[in-house]
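Keep the sequence and the 3D view at hand while reading.

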Amino acid sequence: MKVFHLAVIRVSAGAPTEESASTSFILSSASDLSSFSFFQRGSVAEFMNFFSATVAGRMDENQRKEITTNEQGEHKVHAFRPRGQLCVTVLTDSEYPSRVAFGLASKILDDFTKLFGRHQYIDTNEMLTLPSLNDYIVSYQDPKQEDNIMKLQQELDQTTAVMRSTIEQLMDRGGKLNDLVDKSNYLSTSSRTFLKSAKKANSCCIIM
């Protein structure tokens with residue numbers, strides 16, 4: 001079980017639109033790329049940012065979603081958007097428990113809103129430092145330990161439904177994946193080419 005990427009993302013106000021995914025902005029993030037080769041890490045980091053920002057831009061308010069990055073379900077983006085313009089994403093492998101991932105997302109959101117006021121993140125074009133992300137990307141590699149803590153704290157609202165789909169199904173809401181790839185600020189030219197080639201080969205969004 002593995003946590004690859006954590007992010008706090010600013011999204012457009014109101015309901016998502018076709019342009020929402022391309023305007024999402026990553027405010028804070030942390031990654032664990034230790035399982036990838038040195039030469040893969042640059043592209044993998046770009047893919048993680050792209051997938052996380054894309055999913056966040058498609059979220060409605062007061063919603064949790066679990067999105068697999070391909071039909072095989074090898075990797076999942078757990079996204080939590082409360083009311084407002086913040087969304088937290090937790091990108092993991094397929095075996096990572098969703099309950100723990102969404103509990104972590106809630107904890108990250110609490111940390112961020114305690115440290116930063118709305119006036120500090122709503123218009124900024126610079127990333128903000130959230131120190132706890134670097135701690136969580138290490139400690140949450142052991143979900144069993146963290147799950148026991150969350151049971152005691154009861155941080156996860158079990159009454160909130162979690163929607164599950166793939167990244168391609170998410171795109172059915174308006175906008176095609178290729179269009180989002182072209183508009184993304186998080187992908188280099190080589191990464192854009194790779195994703196489009198992978199989609200044609202029916203292996204879209206495989207990041208390992």
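## An enclosed strand

Eight of the eight residues of β5 are buried, so this strand is largely enclosed by the rest of the structure. The model is a predicted one.

## The neighbours of β5

Which strands pair with β5? One is β1, which runs antiparallel to β5 and is joined to it by seven bridges. Within β5, Thr89 is the residue that stands opposite Ala7.

Another is β4, residues 75-81, which is also antiparallel to β5 and is linked to it by six bridges. Here His78 has Val90 of β5 as its bridge partner. β4 and β5 form a hairpin with four residues between the strands, and Gly84 in this hairpin has a positive phi near 120°.

In soluble globular proteins, nonpolar side chains tend to be buried together. In this model the largest nonpolar core contains 27 residues, and Leu6, Ile108 and Phe112 have the most contacts inside it. At least two residues of this core come from each of β1 (3-10), β2 (25-31), β5 (86-93), α3 (98-115) and α5 (132-139). The biggest contribution is that of α3, with seven residues.

What does Ile108 touch, leaving aside residues up to four places away in sequence? Its contacts are Leu6, Val8, Val88, Leu130, Leu133 and Tyr136.

Key: Residues numbered from 1 in each chain as written. Predicted model: local features only at pLDDT ≥ 70, side-chain atom pairs only at ≥ 80, totals over all residues. Heavy atoms only, no water. Core = buried A, V, L, I, M, F, W, Y, C linked by side-chain atoms within 4.5 Å. Buried < 20%, exposed > 50% of the residue type's maximum accessible area, 1.4 Å probe, protein only. Contact = heavy atoms within 4.5 Å. Pairing = 2+ DSSP bridges.
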